[in-house]
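Colleague: I am new to this structure. Please show me how to read a few of its features.

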Amino acid sequence: MRVVAAGLSDVGCIRKHNEDNLLVDMELGLFLVADGLGGHAAGEVASRIVVEKVEEFIAQTAERDRTWPLDYDARIPYDGNRLKAALLLSDQAILDDIRENPERESMGSTVVACLVKGDCVTMAHVGDSRAYLLNPDGIRQITRDHSWVADQVANGILTAEEARKHPFRNVITQALGNGGELDVSIQELQVKELDRLLLCSDGLSGMVPDEEIWKIVQNSDSLAIAAEKLVKKALENGGEDNVTVVLVGFELDNILA
Ligand code: CA
């Protein structure tokens, strides 16, 4: 399977700073969106720490001979452990930075990351940055937000539509750098030809309905064009937050070895 990818981030129409960060590392097969929280330029520090720390740890653990820095979770595969540890180390790195720079006390970050190996994708997330799987059949959200409204939907108290408009829709239940116990969500999925993964911050998912996201991606000639059109649509719909998208596509390798 050949992997192609594109990423784009925009400050949006209202915010002064872009606190989102993204990573497209083709060599590691690592893709990530981090949405910084905290304002006063601190959010962008937090999301940058996440990008740097995750990339560093995934690079260091490409071979299995490294001493593991944290508890190894035998219930999940090696790549799931790599992502989980990378996120927990990012959490610690943000907290370390806050200790040295108390003025950034309120900073934190959500994150959604995926590690691609052939047709196997390992996903990890904390907070409400999302991953979607898109293909000619449709679009499916594959991460469940760590948010108050997502919990209400899961418990049958709110509908998905009510959640979209709820005044508490931005209340997340966990973030990196928050200081609390973290429950990193890890999942694995098999992808096939023509599948695409979209990683995004809530500046996209909160501004553009899923169906519209699907149409834009399906009708774009390349992932770079699709990324541009998605960001443009979020801005047209109000651009109330920073907008970040990473698209990963899977194509059959035509070269027969
Ligand atoms: Ca955001």
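Modeller: Start with the metal. The calcium ion is coordinated by Asp-35 (OD), Asp-35 (OD), Asp-202 (OD) and Asp-241 (OD), at 2.3 to 3.0 Å. Donors are N, O and S atoms within 2.8 Å of the metal (3.2 Å for Na, K and Ca), and water is not among the atoms, so sites may look incomplete. This is a predicted model: local features need pLDDT of at least 70, side-chain atom pairs count only at pLDDT 80 or more, and totals for chains, interfaces and linings use all residues. Residues are numbered from 1 along each chain as its sequence is written, and side-chain values use heavy atoms, without hydrogens and water.

Colleague: Which spacing do the donors of the calcium ion follow along the chain?

Modeller: The spacing is D-x166-D-x38-D. Asp-202 lies in helix 5 (residues 202–205) and Asp-241 in the loop between helix 7 (223–236) and strand 10, so the pair ties together parts that are 39 residues apart in sequence. Helices (H or I, at least four residues) and strands (E, at least two) are DSSP runs, numbered from the N terminus.

Colleague: Are Asp-202 and Asp-241 buried or exposed?

Modeller: Buried means under 20% relative accessible area, exposed over 50%, partly exposed in between (1.4 Å probe, protein chains only). Both Asp-202 and Asp-241 are buried. In strand 10 (residues 243–251), eight of the nine residues are buried.

Colleague: How many bridges join strand 10 to strand 1, and how many to strand 9?

Modeller: Two strands pair if DSSP finds at least two bridges between them. Strand 1 (residues 2–10) runs antiparallel to strand 10, with nine bridges; strand 9 (residues 196–200) is also antiparallel to strand 10, with five.
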